[in-house]
Amino acid sequence: MAVSSPYKYIKIPAGARITVREDGTAETPDNPIIGFIEGDGIGPDIWKASQHVLDSAIKHCYGNKRSIAWMELYAGKKADEVCGNYFPHETLDAIREFIVAIKGPLTTPIGGGFRSLNVSMRQELDLFACVRPVQHFKGVPSPVKNPQHVDMVIFRENTEDVYSGMELQAGSEDAEVLRAFCMERFGWEIRPESGLGLKPTSEEGSKRLIRAAINHAIKENRKSVTLVHKGNIMKYTEGAFMKWGYQLVKEEFADVAVGWADCNGDPGDKILVKDTIADIFLQQILTRPMEFDVIATLNLNGDYISDALAAQVGGIGIAPGANINYETGLALFEATHGTAPKYAGLDKVNPSSLLLSGVMMLKHLGWVEAADVIVKALEKTYQEKKVTYDFARLMDDATELKCSAFAQGVVDNL
Ligand code: NAP
C-alpha cells in the first residue's frame, strides 16, 4: 500500500522511518523504509539479485517480525525516462528524509557532458566518508598468494580534493582570468591553454574524516589507523591532512590512541596512528598487507587505493562501499564498480559488490544476524565454486552461473 507523498515520482511504501540518535547512529524500526536506486547498465540485474538475497536473509533470521519497505528512487537513465531529468531533486530530498539508501552504479560521461551523479550525490548530501572494507572471503580467487592477509577498512574523504568539481576548461575565458591572476598575485607561470583545477583540503574536512576512521577503529577493536597522503609533494593539502590527523589524536583521542612519533611505534594497548606516502603504500599493501588496518586518506588517493586493494581480494565485482555522514547519520550504500555497459541486461555479472554493500547496510541498521548469515552463505557458494563468469574464469572446475542464479545459490545456502 502506498501512502500519500510530497514527491512527484517517488511512491512512499507503508513502513516506518529510520531516525538518527544524538551520536549519529541509526534507530531502526522493524519495517524501515529504505530507498534504492537501481542504477544504469548492469544496475538492474545486480539490484534484483541483491534485493532477493537481502529480503530472504531478513526473513530467514527474523521471520515476519522484520522486513524492509523498499522505496524506489530515481537517478541516471531511469530517472530520465521516468522524470525527464537524470538527477531529480526529489531523490536527494527523499534520502535526506529517509536517512538510509542503497544504489547501483550510475553512468558518468568522460571529458564532458553532465557531472558525475555519484560525486554530486556525495557532495550535495555531504556524505563525507566513503567507507570501503576490504577482506578476503574463503573460496574467492585472487591474484596474490595470501589474500587472507588483507583485512582493511578504507575511509576516503568524499567531498574535497581534486574531486570537488572546481575545474576550468583549457582556453576558456575563466581559465585565462585565473591564469592571469595566479601570475600576477603569486608569480606562478602556467602555460596558456591549460585546464585548471583546485584541490581544496580543509582542516574541518580532514579532521571529521580522520575522526570517523579513529572512531571506527575504536568500535571494531582495530589496532592502527594509517594516514595515507602525498604530503612530501603537496605540502599544504596532503601534508596538512597528515598534520591535522596527528593533531586530532592529541586533541580528542589521547586516552585511546597515540601518534607514531609520540610512542616510537610502540603504542602499548592504544591504537597506533601512523602515516605513509601514497606511492610506497601501494607497494606495501602487496608486500606487507598485515601491517595495515584502518586507512584514512584523501579523495583521489582513496579512489585508486580502493580498486588496488579490491583486486587483491578478488576484484571490484566483490568490493562493497558506503558513503556516510557520521554527524547527520545520512548513509548511502553502493556498489563500488561502474555500470559495465557491455554486460547490461545479460544477467551475467557478479552481484556481490552490491550485495555486500547491503550487508554493510544491515550492520549499520543493527541487523547483524542477517548480515552474518549472508556472508556465511556467500562464502559457502564461492567454496562450492558456483560463481559468476568473473570468478569462473579464474577457477578450475567452476560452475558458471548467471547473476540471478548465483543469488538463488546464496539464498539456498542461507
Ligand atoms: P566498470 O563499469 O566498473 O567496469 C570495468 C570492468 O570491471 C568490467 O568490464 C568488468 O570486467 C569488471 N566489472 C565491473 N563490475 C563487475 C561486476 N559486477 N561483476 C564482474 N565484473 C565486473 O568501469 P568502467 O567501464 O570504467 O565504467 C563504466 C561506467 O561506470 C562509466 O560511466 C563510469 O563513470 C561509471 N562508474 C560508476 C561508478 C559508480 O556508480 N559508483 C563507479 C565507477 C564507474 P571484465 O571486462 O574483465 O569482465
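**Group meeting talk: a walk through one predicted chain**

Let me begin with Phe 186, which is found in helix α5, running over residues 173-186; helices here are DSSP runs of H or I with at least four residues, strands are runs of E with at least two, and both are numbered from the N terminus. This is a predicted model, in which local features need pLDDT of at least 70 and side-chain atom pairs count only at pLDDT 80 or more, while totals for chains, interfaces and linings use all residues. Residues are numbered from 1 along each chain as its sequence is written, and side-chain values use heavy atoms, with hydrogens and water left out.

Let me turn to the whole chain. It has 13 helices and 19 strands. The radius of gyration, taken over C-alpha atoms, is 22 Å, close to the 22 Å that the globule rule gives for 414 residues, so the chain is as compact as a globular protein of that length; the rule itself is 2.2 Å times the number of residues to the power 0.38. Buried residues make up 53% of the 414 residues.

What lies inside? The largest nonpolar core has 103 residues, and Trp 70, Phe 155 and Tyr 382 are among those with the most contacts inside it; such a core is a set of buried Ala, Val, Leu, Ile, Met, Phe, Trp, Tyr and Cys residues joined through side-chain atoms within 4.5 Å. A second, separate core of 13 residues includes Met 152 and Phe 281.

Finally, the charged pairs. How many salt bridges does the structure hold? There are 25, each one a side-chain nitrogen of Lys or Arg within 4 Å of a carboxyl oxygen of Asp or Glu. In one of them, Glu 203 pairs with Lys 207, with the closest N and O atoms 2.8 Å apart, and both residues lie in helix α6, four residues apart, about one turn of the helix. Glu 203 is partly exposed, at 36% relative accessible area, whereas Lys 207 is buried, at 9%. Another salt bridge joins Glu 400 to Lys 348, with the closest N and O atoms 3.8 Å apart, and this pair links distant parts of the chain, 52 residues apart.

Key: Buried means under 20% relative accessible area, exposed over 50%, partly exposed in between (1.4 Å probe, protein chains only).
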